[in-house]
Amino acid sequence: MIDARDRVLGRTSRTADVRLPGMLEAALVRSAVPSGRIIGVDTDAALRSPGVVAVVTGNDVAAAGLEEIEFGTIIQDQPILALDRVRHVGEPIAVVLAERRADAERGAALVVPHIDVTPALLDMADALADGAALVHPGRPHNVIARWAFSQGAIDAARRTAAHHFAGRWTSPAAQVVSLETHAVVAHWPTPDRLELWSTTQSPSRTAIELGRILGLTADAVRLHVPPLGGAFGGKNHAKLEPLVAFASRVAGRPVRHVNRREDEFVTITKHAASVEIESGTDAEGRFVYRTARIVADGGAYANSSSVIPKASGGAVLGPYRVPAASVDAVVVYTNHPPAGSFRGLGVSQVAWASEQQVDEIAVELGIDPRELRHRNLVRDGDRLPNGDLAAHPHWDACLDAATGGWSGGVDGDWRTPRIHADDPPWVRRGRGVAVTMKATMAPSRTDVELAATSSGRIIVRTSAVEMGQGARSAIRILAREAMGVDVDRVDVVDPDTAVTPFDATTSSSRTTVQHHHAIERAARALRERLETLARDLPTPAVDPVCAEGRVRDPATGLDIGFGDLMAAVGTTQVAASASYVNEPPRDPETGLTGLTSDWHQGAVAVEVAVDVETGCVRVSDVRGAAWAGRVVDPVAARLQNEGNVVFGMGPSLFEDLALADGHPRSTSLRDYRIPAIGDLPERLVTVALEGEDGEPAGLGESLIPAVAPAVGNALAAALGIRLRDLPMTPERVLQALDDRIGRAGRDERS
Amino acid sequence: MNEILAPRRLSDVIDLLEREPSIRAIGGGTTVVPDMRAGRLRAGRWLSTGSIDGLDAIRLDRNGMLRIGAAATFANIAKDGLVVLAAGLLVEALRAIASPALRNVATIGGSIAVAASSPDPATALVALGARVELVAPGRRRASGVDERGEARLIVHPIEAVTAPETPPPRLVTAVLIPTSADWAYERATVRGANDRPIVTVAVARDPTTRRRRIALGGLVGGVILLSDAEVPEGVGDDLDDVLRAVPVVDDDRATPNYRRRMAAVLIRRAIARLGRAALD
């Protein structure tokens, strides 16, 4: 990563580091109840508190005529500040502005919201029940979004299937835990122009959204995004930007807000989900039918939940040939903190279910789980169980690459762990594997501008956000390839919506792929412009060709670096722009548009060492294979894959944003556990598989969803137990072991 | 507003405690700072232990006891050759705590004085039969850690589990540890590393009496000391008979049943390790 050293040494300048003259610090007054009507907000004591300059409430929003304004990614349902009611614990009710942060927080403690507490919907089934109160009037049955699909004759398939399997799996809410928390600095240079610094992953769309909310023209919002300290989906789309921008407008001064760690747990979460899958196979374990029902908890506001049903539903039945399939996926409103994008969007929850069931089928039928998958995986031209045609499927290759190191090839025994002589007698080992598919957002647009300068440098202007994933590094490499210059002569400008062009979002594992296409197009246009310049030379070039950073013309013997060329014609900068949209393919058979432009593919194989007396699961060996198409930045690709595995281990083993009466029970990293360095597997090997067509594919999330089911399958191989609920904590493992032993004991007695 | 006083001499500390009984001590700040940020502690006047001359010294005293100054950090204690030789149990317990960054600032005195959230140091010290040296207005004394509630280190017998009374103005200045080469340490966590333990078990054999001291942390607010007699031979699946009367902690990390069960498992393992060590 280009800025790795600066990041490690704390030299990277963040949004929270922005200081503006006259800037006020904000502290939020948040709801302490999950549901209630706001009777009033008493701000008198806070306003008398030393250093407090202003307290902004929903009344100010109403006074500004913005009480009808709501924001959200697709469904707009979130007010700038709570107006007449609160819908979740932690919902901002007031913003206290002070000269210093400590003053603001002291003032916030003095604000007294008067709330008439109303019954809260804290369970997905309750929220969906007939007659349930509505979190948002006008949203029937509390449904945020639903996606349903079916193909083939399910009932007939049920009758013909030789074996039937059914189960229900759950996963809890979680938090992405970026090292850098959400932060926004806003100020208004003039009453009709807004400038912000924000930790958003989607500067272009957030700027547009702010313009819509605050009644500004499209070019009146300027949004800067310094490099982020992690995001993982949690900083996608507008979060605190509307509130901070509005508070700054009310105060007439710049305002900064930086979330405390505990604020993060009520700002955005991962969707808790319940997944039921029923499957039938023929005698050889080939799927005859599969059905799935997914219910996900979207919390109090839609945020990006509207995309969840399709993201989850499209992936829940796996990359398998399933003649008869049906999916019903729904995301519901509750009075929990809002759920939104989380690395592995909507797929981790369903892969946990689906890939464990595939393993159960294999065990039940006495078939090697790898072999069972090979029997069922789609091949070129097959149809996926979501209706999409399988274009360029590589799951077989991923599966073999992940397990092949253990089996010494595609046929050998990969499942038997080698003997570890130093294992204590209470340790059992087992191996498991899982494959996953994940859609990328499509269609989505990326614009880039490439500029060549007379100093011989290439400037890439893009609104892609560097958040530690190595976006800038990949973009530099792509520009180098397209323009034929040394990578250290390529500069990538930080997102600044006044300067950098539109990019839908830096998420969905799309940035490298989108920029590959957009930069290639922009570079073609830029090379043509440079060639045109060569025709303006005192000795005009006849048939100039721009390549390898130079312009050459055999007819005149011209061979000049583009910087020198521009200096020769008196130009300091030549730029070209291009756009790329990843349109999903149209199915020639059905005429329907596919769910995505690219199904990201991966497989993870895991060995666990389980302490049968404590229930502790140690992931000792992980092999992951992700389809990369073409690796642009080998180091970043490896780090992405390894990061996938480690990130996936958290929700598998420890992470659980347990909510009690709507309150997160973890509010710090002392209680909310993400994997620590000491939890890393002793062996972690990943590979980014490449093809021959030179087209990169996204791999930023390809392995994450496979981690939990692979660990679950390894646990089953080690101990013969199946956990249905994440995370696989020591106590749950021990309970499952007790249940199995108890069951075995009963079986023996009977 | 916080005000931090940094006396250089212990006599100044005693004077300060006399003049200002409500002053609070701060060592590495690993408990005080989070508590203050979370609003559990108010700003005020603080007595910094880091400035006191020699308070971080580690040496053998005249009686052959290992004397560790209260301001010694976990990291410095764990890498001190004298401690490694004389109290390897404490080294193992301290190395298990949190992260290197925290161990670089957290002090042994602080962990004793505030009954820190991690029971590791206290469990090890109780098993080792450590004593705490305190200064208070008009006196300087060493307290047996077996005394009920003293410095929140020990609770014994089990029925006497209570919170200590409000302590008089005093400052922990050192821990005095009998040397022990025969010990074992075990801890159970949810996460594999950098996690507060659910249960800690330390076993040390008294070099004179050859009796084992078995300390259990994480089950209650303090540490439970079990004698040889209280641990049945070949500890079973649980310690119900021993622990029945104890109101075991129930939180998001583990149920009381799981804690009791882990106590039994870890005691069994620790005793087995101790036995192996003896054979070695």
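Modeller: Contact means heavy atoms within 4.5 Å. This is a predicted model, where local features need pLDDT of at least 70, side-chain atom pairs count only at pLDDT 80 or more, and totals for chains, interfaces and linings use all residues. Residues are numbered from 1 along each chain as its sequence is written, chains are lettered from A and ligands numbered from 1 in the order written, and side-chain values use heavy atoms, without hydrogens or water.

Biologist: How many residues does the contact take from chain A and from chain B?

Modeller: Apply the contact rule to the two chains. Chain A gives 19 residues, and chain B gives 19 residues.

Biologist: How much area do chain A and chain B bury between them?

Modeller: Buried area is the accessible area (1.4 Å probe) that two parts lose on being put together, summed over both. Of the area here, 46% is on carbon and sulfur atoms. In chain A, Arg670(A), Arg673(A) and Glu731(A) lose the most area to chain B, together 33% of what that side buries. The area that chain A and chain B bury is about 1,800 Å².

Biologist: How many salt bridges does the rule find across the interface of chain A and chain B?

Modeller: A salt bridge needs a side-chain nitrogen of Lys or Arg within 4 Å of a carboxyl oxygen of Asp or Glu. Asp611(A) and Arg269(B) form a salt bridge, at 2.7 Å, N to O. Across the interface of chain A and chain B, the number of salt bridges is seven.

Biologist: What is the volume of the largest cavity?

Modeller: A cavity is a set of points, on a 1 Å grid over the protein atoms alone, where a 1.4 Å probe fits but cannot get out; lining residues have an atom within 4 Å of a point. Points are joined across faces, edges and corners, and volume is the space filled by probe spheres set on them. The search of the whole structure finds five cavities of 30 Å³ or more. The largest has a volume of about 190 Å³.

Biologist: Which residues lie nearest the centre of the largest cavity?

Modeller: Its lining has 19 residues. Strand S5 (78-79) and helix H9 (261-267) of chain A each supply at least two; strands (E, at least two residues) and helices (H or I, at least four) are DSSP runs, numbered from the N terminus. Nearest the centre lie Gln78(A), His88(A), Pro92(A), Lys239(A) and Leu240(A).

Biologist: Is Gly742(A) buried, exposed or partly exposed?

Modeller: Gly742(A) lies in helix H19 (residues 730-749) of chain A. Buried means under 20% relative accessible area, exposed over 50%, partly exposed in between (1.4 Å probe, protein chains only). At 27%, Gly742(A) is therefore partly exposed.

Terms used
1 Å grid on protein atoms, 1.4 Å probe; cavity = no way out; pocket = protein on both sides within 12 Å on 5 of 7 lines; lining within 4 Å.
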